[in-house]
Amino acid sequence: MSLGVGFADRFCASHPESMRCIISEVTGRRVWDSRGRPTVEVELRSENGFRGRAIAPAGASRGTNEAVDLRDQTAEFGGWGVQRAVANVNEAIRKAVLGLDAADQTLLDSVLIELDGTPEKSHLGGNATIATSMAAMNLAAACHQLALWRYLAQDHEIRMPLPEIQIFGGGAHAAGRIDIQDLMVMPLGAASFDEALVVAAEVYRVAGETLARMNRLAGVADEGGWWPAFDSNEQALDVLTGCIEKAGYTHDQVGISLDIAASQLSFNGRYRTRIEQREYSREEWLQVLLDWLRRYPIVSVEDPFSEDDAEGMRSFTASAAGRVQVIGDDFLVTNAQRVNMAARNKTCNAVLLKPNQAGTISEMRAAFNAAKLAGFGTIVSARSGETEDVTIMHLAVGWDAGQIKVGSFSRSERMAKWNEGLRIEEELGPAAVFAGRSALPLQALAP
Ligand code: PGA
Ligand code: ZN
């Protein structure tokens, strides 16, 4: 299979003998994620004494076409057990990757793909393959004695990514309390990644105080955003807009980003909001969204229509052209072919890149390359089930994705990523460039 232009050259197998990173030990183990569910960690060791490790994340609002998250489905842990996925790492995967060069990511990933043998990685489990693939990348960086972002960047130009930070969590992450899954802010006017996080901290704090005062605070949702007890989706938009202003920012400095995760709302080609108990046709739903774009400072919308509603995605993208970023998450599932099709059909103008949707780093990279070729925005993303693993922050910087989505501004599985970004920015020193609003693909669809 083709892994896309420009990937192999960055993971060249022909590096000097001294840099070879031959895998000599493979360990799969069960660890625990931010929802207290089991997940797969893979640790690789090289002959020359280096170590690389990675943990598979887990989604709650998963796209139908993602790589399979292999679960035991036994009585243990409510079916969420990963004994089979861990055994696949310790047996079949171990045998196949022992002796391979971890720095030859393309070869290693094709071995995993072939060994699995299914299009959706249901045999080994996408959780087993992605943890192995990311661990190999981390091991290769360790062998080169480079931080992962630097190893990936080589001598290419890189920028610190513009973050999307969740303020309110809803949808599948808050038992459907509101229908919109993520209400996020994007600090467009920040001068640095550090400053972007200051903005996030301020809006997050003001939002928590505001909800508490309104008696609408019901805790925090899965990604750490405030769990709001609102009466409507629009109330969430009103309150968030107000909080941005109350925190002292203009709409030019801080924009709103929404993840509608509309597959969760769709039913027989129609869209249903639970909180308002309303049902819409595709055209009516389009009008609801366009009305929000007119009334609120929205700069980015993810999955506005369901994963199987290409016509809805196309009509929204056509109407919102040049004004907002339209992201395909469940709609594109980090898949290069789907990104290419979306570029041809103009069904969105940006792709969310989740390592475990693809199942290997090489396939994620192929989706990234396809998006770059199409002039799409690229957002490296966490899942709602996360851990202390910070690989995605390194990918976002090292590949120069321009944008990153991690969840909210609380809970250490989120903060670990933000704080890693601060360390990278500090290491870059005066050379650090913050992507800011230039990361949004708003020129791509301009008339
Ligand atoms: P997840 O959703 O629960 O599947 O990780 C995150 C998202 O939709 O972006
Ligand atoms: Zn999403």
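Biologist: Hi! How much space lies in the largest cavity?
Modeller: Hello! This is a predicted model, and in it the largest cavity holds about 90 Å³ of space.

Biologist: Okay, and how many cavities of 30 Å³ or more are there?
Modeller: The count comes to three.

Biologist: Back to the largest cavity, then. Which residues lie nearest its centre?
Modeller: Those are His-173, Glu-223, Lys-354, Ala-382 and Ser-384, out of 18 residues that line the cavity.

Biologist: What takes up the space of the largest cavity?
Modeller: That would be ligand 1.

Biologist: Nice, let's talk about the ligand. Which residues are the closest to ligand 1?
Modeller: Ala-60, His-173, Arg-383, Ser-384 and Lys-405 are the closest, and 15 residues surround ligand 1 in total.

Biologist: How does that shell divide into nonpolar, polar and charged residues?
Modeller: Eight are charged, five are polar and two are nonpolar.

Biologist: Where do polar side-chain atoms come up to an oxygen atom of ligand 1?
Modeller: Lys-405 has one that lies 2.7 Å from an oxygen of the ligand. For Arg-383, an N or O atom of the side chain is also 2.7 Å from a ligand oxygen. With Glu-302, a side-chain N or O atom and an oxygen of ligand 1 are 3.3 Å apart.

Biologist: And how much of ligand 1 does the protein bury?
Modeller: The protein buries 100% of the 280 Å² that ligand 1 exposes when taken alone.

Biologist: Last one: why does ligand 1 lie between domain 1 and domain 2?
Modeller: Because both domains give residues to the shell around ligand 1. Domain 1 covers 7-152, and domain 2 covers 158-439.

Biologist: Great, thanks!

How values were computed
Residues are numbered from 1 along each chain as its sequence is written. Chains are lettered from A and ligands numbered from 1 in the order in which they are written. This is a predicted model: local features need pLDDT of at least 70, side-chain atom pairs count only at pLDDT 80 or more; totals for chains, interfaces and linings use all residues. Side-chain values use heavy atoms; hydrogens and water are left out. A residue is near a molecule or strand if one of its heavy atoms lies within 4 Å of it. A polar contact is a pair of N or O atoms within 3.5 Å; within protein, one must be able to donate a hydrogen and the other to accept it, and residues adjacent in sequence count only if both atoms are side-chain atoms. Accessible areas come from the Shrake-Rupley method with a 1.4 Å probe; for residues, only the protein chains shown count as cover. On a 1 Å grid over the protein atoms alone, a cavity is a set of points where a 1.4 Å probe fits but cannot get out, and a pocket is an open set with protein on both sides within 12 Å along at least five of seven lines; lining residues have an atom within 4 Å of a point. A molecule sits in a cavity or pocket if more than half of its atoms lie within 2 Å of its grid points. Ala, Val, Leu, Ile, Met, Phe, Trp, Tyr, Cys and Pro count as nonpolar, Asp, Glu, Lys and Arg as charged, and the others, Gly among them, as polar. Domain bounds come from an automatic or database domain assignment. Grid points are joined across faces, edges and corners, and a volume is the space filled by probe spheres set on the points.
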